[in-house]
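Please consult the structure alongside the points below.

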Amino acid sequence: MSEHHAAPTGITRWLFTTNHKDIGTLYLWFSFIMLLLGGSMAMVIRSELMYPGMQVVDPNFFNMMTTMHGLIMVFGAIMPAMVGLANWLIPMMIGAPDMALPRMNNWSFWILPGAAILLVAPMFMGGDFMAGQGPAFGWTFYEPLSGQYGKLAFFVFAVHLLGFSSIMGSINIIATILNMRAPGMTLMKMPMFVWTWLITAFLLIAVMPVLAGVVTMMLTDKYFGTSFFDAAGGGDPVMFQHVFWFFGHPEVYIMILPAFGVVSMIIPTFARKKLFGYASMVYATAAIAFLSFIVWAHHMFTVGMPVAGELYFMYATVMIAVPTAVKVFNWTATMWKGSMTFEIPMLWAIAFVFMFTIGGFTGLMLGLTPVDFQYHDTYFVVAHFHYVLVTGSLFAIIAAFYYWVPKWTGNMYPPLLSKIHFWASLISVNVLFFPQHFIGLAGMPRRIPDYAVQFADWNYWSSIGGFAFGLSQILFLVIVIKTIKGGEKATDQVWESAEGLEWTIPSPAPYHTFATPPEVK
Amino acid sequence: MSDVAGSYYLPEPSKWPAVGSIGLFLTTGGFAYALTSGVDGAMGSMTIMYIGFAVMAYMLFGWFGQVIDESEAGKYNAQVDTSFRMGMMWFIFSEVMFFAAFFGALFYARVLAGPWLDGAGNNAMTGSLLWPDFTFEWPMLSVPGEGYDTPTGTIGAWGVPFYNTLILLTSGLTVTWAHWGLKKDNRKQLIIGLALTVALGFLFVFMQAEEYIEAYSHLNLKLSSGTYGSTFFMLTGFHGLHVTIGAIMLTVMLIRSIKGHFSEKHHFAFEAAAWYWHFVDVVWLGLFVVVYWL
């Protein structure tokens with residue numbers, strides 16, 4: 001055994017670090033900053049939509065807000081937060097000293113700030129900020145609209161860098177899980193969070209290059225004369241949608257599978273029972289990942305496809321309900337007759353199960369081709385994917401914070417504030433998104449700054465809920481800082497019946513964990 | 001100085017990733033600015049891009065140099081070796097998926113979009129209303145719209161592309177022969193095999209460049225020749241770029257072999273470069289069949 005070097009101090013500690021905990025912390029803070037940035041854009045959107053008519057911003061600025069909100073939340077907030085959790089937790093959970101490729105791990109993170117600058121900078125180029133100079137073509141950047149955008153190259157390279165970062169991060173995660181497990185930690189003994197990330201990393205390596213390919217085609221179409229998406233040159237804008245959604249649908253599961261993993265860790269702890277149906281959870285995750293590759297065109301039922309294609313994509317899509325239901329039933333069965341207590345992480349996890357299921361059900365509705373013809377591009381879609389991404393992915397990320405922060409910092413979260421944070425978020429998020437189902441079914445289109453007066457009442461309440469949810473997350477920032485600075489000291493075990501290697505080490509976790517591999521029985 | 005914690009190898013903090021991030025940011029940012037700012041701003045922003053390239057090159061030399069030193073110092077145990085292998089394998093898989101996007105675009109343009117523009121399926125009105133004079137054929141020498149470069153011919157499969165196929169297949173053999181040499185500690189066979197592979201690799205790139213000159217100056221086949229030109233140049237272009245990268249990797253291996261690096265049992269860098277080489281080889285076979293031949 002050699003002695004450990006003390007962690008370097010100052011800015012270079014963070015710039016040059018090869019430590020998975022430092023890099024995890026960087027990812028989590030980066031994603032929090034992006035969450036607040038993307039969230040403030042959502043506040044602009046809700047301000048404009050609070051009343052019918054145009055009152056706050058220029059329509060193009062509104063489009064820029066919806067576009068940047070989506071891009072920042074998907075690529076800046078949710079994905080990096082999940083990678084941050086993976087960095088912090090996977091080595092501790094499998095009994096490894098660090099990630100398999102620590103220097104590349106650092107590189108995966110430090111590419112992100114540059115990518116974020118390339119993404120956001122065009123908003124501030126060209127003088128009049130309020131005219132909306134940034135990307136304003138929707139987060140799905142459909143051709144040919146996105147091809148009209150003057151500063152497309154910045155967007156394209158931002159996506160390239162984000163993809164580069166994700167691919168390297170995922171390679172690292174796979175190598176860590178497959179190669180760095182402690183003796184005795186067989187694959188089917190791995191915690192569910194590790195399993196879900198193993199499968200997510202595979203999805204990322206498979207689809208991020210396809211995204212890089214499609215934005216490369218956009219780049220050459222605009223600047224180098226190719227005609228991939230140009231019908232006059234023999235191409236097809238619909239092809240853009242096919243290639244984009246070949247990436248885009250697995251991307252949905254990239255954002256939710258690690259959330260499944262988090263919830264599968266938290267519920268057994270506070271139900272004081274083993275996870276019900278561990279093996280079926282693993283297989284269900286793999287099945288969802290496989291199906292995610294063959295359902296992409298359900299995002300484009302109305303674009304004009306052969307009927308056989310519509311039918312195939314409908315049936316394949318609805319099949320995803322089966323492994324997803326396996327998961328929901330297993331979580332429920334884990335809680336069944338458990339000795340349940342409702343600590344803060346458990347509250348978030350239960351909220352996740354309920355509300356993710358709502359998002360799942362609306363997903364089933366949208367997956368039915370004839371029904372989708374009415375719902376397509378309405379607020380019903382917006383409500384659907386915010387239920388799975390906000391009350392799904394984001395709630396799981398917050399649950400993970402409350403569950404593992406005692407291990408990270410050695411401090412318990414402030415109990416009363418955290419309880420307020422939960423209930424305020426839960427109520428406001430439903431006031432925010434539930435009415436959007438109604439106005440969507442009634443026909444209000446998404447990505448529109450103005451609307452007919454019959455949608456006014458529900459939009460008003462949606463905006464009220466939106467502001468309240470936004471404020472609740474400022475409270476979250478306060479809680480995070482308070483917990484880092486101090487609070488009741490956590491024990492090593494933290495939670496009475498939590499299982500797993502991360503609870504066998506001191507709180508806060510030492511800079512280097514598992515210098516010698518632990519024995520797993 | 002680094003952490004050898006128990007049986008694990010942990011590298012100490014490193015500046016190279018941060019340097020690489022700066023390099024990537026300057027390269028992409030400078031290029032994006034050059035593309036979007038028109039002729040006036042282009043000079044300055046191209047300079048930023050070149051500085052970015054220089055920073056990237058500095059990073060590659062520094063980072064790989066450090067890894068080579070650590071490897072030669074015997075710091076990497078079997079577990080690190082496995083991590084490297086997995087890293088390279090999954091990296092190559094990501095490259096396969098990148099090419100898959102462009103193969104998919106070729107397939108879509110040729111099998112679906114082209115015939116639809118000519119009125120196939122339920123698209124009779126598309127053909128007759130928009131571009132009644134357009135008849136679909138592949139290779140698509142005339143496109144539906146106006147203002148595109150119309151090629152006078154295509155690159156036949158059995159000329160330069162066929163010779164290039166032979167060149168790449170032969171280079172796959174020579175790199176394997178070099179590997180055999182390394183495994184039985186026959187330095188001479190290793191060096192000759194690698195030198196042959198590198199020479200064949202650069203010969204391929206040279207012939208490909210000749211083919212491009214032929215296409216641009218004599219056949220008027222360009223990026224702007226509709227989807228035929230687009231898919232032709234993007235697929236072969238990205239492949240050519242990968243051959244160049246692979247040939248540079250093999251050149252590094254050649255220099256290291258001459259310097260006496262590697263042992264019969266411990267030579268992952270060589271194997272990684274060889275895997276990469278076989279990968280560009282396989283992609284080329286796909287290209288030869290669907291881009292040139294069929």
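The model is predicted. In the contact between its chains, 58 residues of chain B meet 62 residues of chain A. The backbone features include a cis peptide bond from A:Glu143 to A:Pro144 and another that joins B:Trp138 and B:Pro139.

**Interface, side of chain B**
- The elements of chain B that give two or more residues to the side touching chain A are strands E1 (3-5) and E2 (8-10) together with helices H1 (16-36), H3 (78-117) and H7 (226-259).
- H3(B) provides the largest share of that side, with 22 residues.
- By residue class, the side of chain B that touches chain A comprises 34 nonpolar, 20 polar and 4 charged residues.

**Cis peptide bonds**
- Omega is near 5° for the bond from A:Glu143 to A:Pro144, and A:Pro144 lies in the loop between helix H4 (102-120) and helix H5 (152-179) of chain A.
- For the bond between B:Trp138 and B:Pro139, omega is about 0°; B:Pro139 is placed in the loop between helix H4 (124-130) and helix H5 (160-183) of chain B.

- Most residues other than glycine have a negative phi, and most peptide bonds are trans.
- A:Phe141, not a glycine, has a positive phi of about 35° and is located in the loop between H4 and H5 of chain A.
- A:Phe141 is buried, because 23 other C-beta atoms lie within 10 Å.
- A:Arg272, also not a glycine, has a positive phi of about 55°, and its place is the loop between helix H7 (237-271) and helix H8 (278-291) of chain A.
- A:Arg272 is partly exposed, because 15 other C-beta atoms lie within 10 Å.

Methods:
Residues are numbered from 1 along each chain as its sequence is written. Chains are lettered from A and ligands numbered from 1 in the order in which they are written. This is a predicted model: local features need pLDDT of at least 70, side-chain atom pairs count only at pLDDT 80 or more; totals for chains, interfaces and linings use all residues. Two residues are in contact if their C-beta atoms, placed from the backbone, lie within 7 Å. Helices (H or I, at least four residues) and strands (E, at least two) are DSSP runs, numbered from the N terminus. Ala, Val, Leu, Ile, Met, Phe, Trp, Tyr, Cys and Pro count as nonpolar, Asp, Glu, Lys and Arg as charged, and the others, Gly among them, as polar. A residue is buried if 20 or more other C-beta atoms lie within 10 Å of its own, exposed if 12 or fewer, and partly exposed in between; C-beta atoms are placed from the backbone.
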